Amino acid sequence: MLRLDIAVDELCTRGSMQTKLVLGVDIGGTKVAAGLVNADGEIVFSTRVPMNTSSTAADAMSCVHNAIKAVMQANPAVAFDAIGVSSPGPLDLREGTVLNSPNLPCWRNFALLPEILKTYHIPSRLDNDANAAGLAEALWGAGAGYKSVFYVTIGTGIGTAIILDQHIYYGRTGSAAEGGHMTIDFHAPVGCECGKHGCIESMASGPAIAARARKKLLASSDGAGLLRLAGGEARIITTETVVKAWRAKDALATEVLQETADLFTIWLGNVVDLLEPEVIVIGGGVGAAIKEWFPYIRSQLTKWSINPLANEIPLVPAKYGVDAGIVGSAALWLCEPARYEAASKV
């Protein structure tokens, strides 16, 4: 990945970048990342600023402005064609508003895209963060070369995207591909802001993995290594702690990740039966941490799918790590700019 130590002016003269740069903005619960991306999916400049979600809507918007202006101020001679913005959902893509994202409690029915258009007078787009990251992977990442890509990001939540012929599948209203909220156990309690019983996010996201480990630790004499890594404090166990303990051969941590892999296998079996994508790309912090389990999940897919060839579908780690949101936000324009230009100008 190209980073800050490479001159932006030099990159702008290379090949396809003679005419196009897009400013990508990735809004999260703790940070706003922004950067300039070229038509080859390379970041030529990036920055990050803290996100304030505990105050007013205006204070949070100021964080977004700070990130955008930091890019502009650092590159005063560089022109860019558009702004792409990704945000946790749910979103109203037709109006450009953030509805009621659990990760952004400061914004309720907040007109994010109109605010950006009003301030910068540059063609701009807003999309779900998983959609954007999935598009980047389909264009330039681990899903490049495939006609149908199912993208999964596993972290604090579980986000998904369906990319067909390098285009995001939105459904009728733009709300398609909320795969993280598919129920796989309707007897399970509600454990997610979506309000559904036993959705995969409530059972296999980062916080769910850590919570299951803590619960098992209270009822088992196993897990000494796991507890030791947490400094003897079960309450501070995280998914990262569980993964470290598993790598150290801790029995309880291994049990927790085995259950997590089985949950993902059941869920992905349903996805295969519905979509049969050519490739499944898995990203996010937790996704990267458990990539050693991908071969196991793939090998077990035929047990949870009616498709006898389900285990032929590649399960691959995503190319873009923490930069997925920046590249994906830019990809919203680099992929098909003409389709959105009329609807995204002031």
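Hi everyone. Before the tour, some ground rules: residues are numbered from 1 along each chain as its sequence is written, and side-chain values use heavy atoms, with hydrogens and water left out. Because the model is predicted, local features need pLDDT of at least 70 and side-chain atom pairs count only at pLDDT 80 or more, while totals for chains, interfaces and linings use all residues.

Let's start with the sheet. Helices (H or I, at least four residues) and strands (E, at least two) are DSSP runs, numbered from the N terminus. Two strands pair if DSSP finds at least two bridges between them. In general, strands of a sheet pair through backbone hydrogen bonds, either parallel or antiparallel. Here we have an open sheet of 5 strands in the order S3-S2-S1-S4-S7, with mixed pairing. S3 (43–50) and S7 (124–128) are the edge strands, each pairing on one side only. From one strand to the next, the twist averages 15°.

Now look at strand S1, residues 21–27. Its partner S2 (residues 31–38) pairs with S1 in the antiparallel sense over 7 bridges, and a hairpin through 3 residues joins S1 to S2. With S4 (residues 82–87), S1 runs parallel, joined by 5 bridges. Asp-26 is a handy landmark: Asp-26 stands opposite Ala-33 in S2 and opposite Ser-86 in S4.

Is S1 buried or exposed? Buried means under 20% relative accessible area, exposed means over 50%, and partly exposed is in between (1.4 Å probe, protein chains only). For S1, 7 of the 7 residues are buried, so the strand is largely enclosed by the rest of the structure. Both faces are covered, with Leu-21, Leu-23, Val-25 and Ile-27 on one side and Val-22, Gly-24 and Asp-26 on the other.

H8 and H9 pack at an angle of about 115°, with their axes 8 Å apart; axes are lines fitted to C-alpha atoms, for helices over the stretch in contact, and angles run from 0 to 180 degrees between N-to-C directions. Contact means heavy atoms within 4.5 Å. On the H8 side the contact is made by Val-242, Val-243, Ala-245 and Trp-246, and on the H9 side by Ala-253, Thr-254, Val-256 and Leu-257.

On to Ser-202, which sits in helix H5 (residues 200–204). At 18% relative accessibility, Ser-202 counts as buried. Leaving aside neighbours within four places in sequence, Ser-202 is in contact with Gly-191, Cys-192 and Ala-208.

Finally, the aromatic rings. Rings of Phe, Tyr and Trp (its six-membered ring) pair if their centres lie within 6.5 Å; planes under 30 degrees apart count as stacked, over 60 as edge-to-face and the rest as tilted. How many aromatic pairs does a search of the whole structure find? The search finds 5. One of them joins Trp-246 and Trp-293, tilted, at 5.6 Å centre to centre and 40° between the planes.

Phe-264 is buried at 3% relative accessible area, and Trp-267 is buried at 1%. Ring pairs link Phe-150, Phe-264 and Trp-267 into a cluster.
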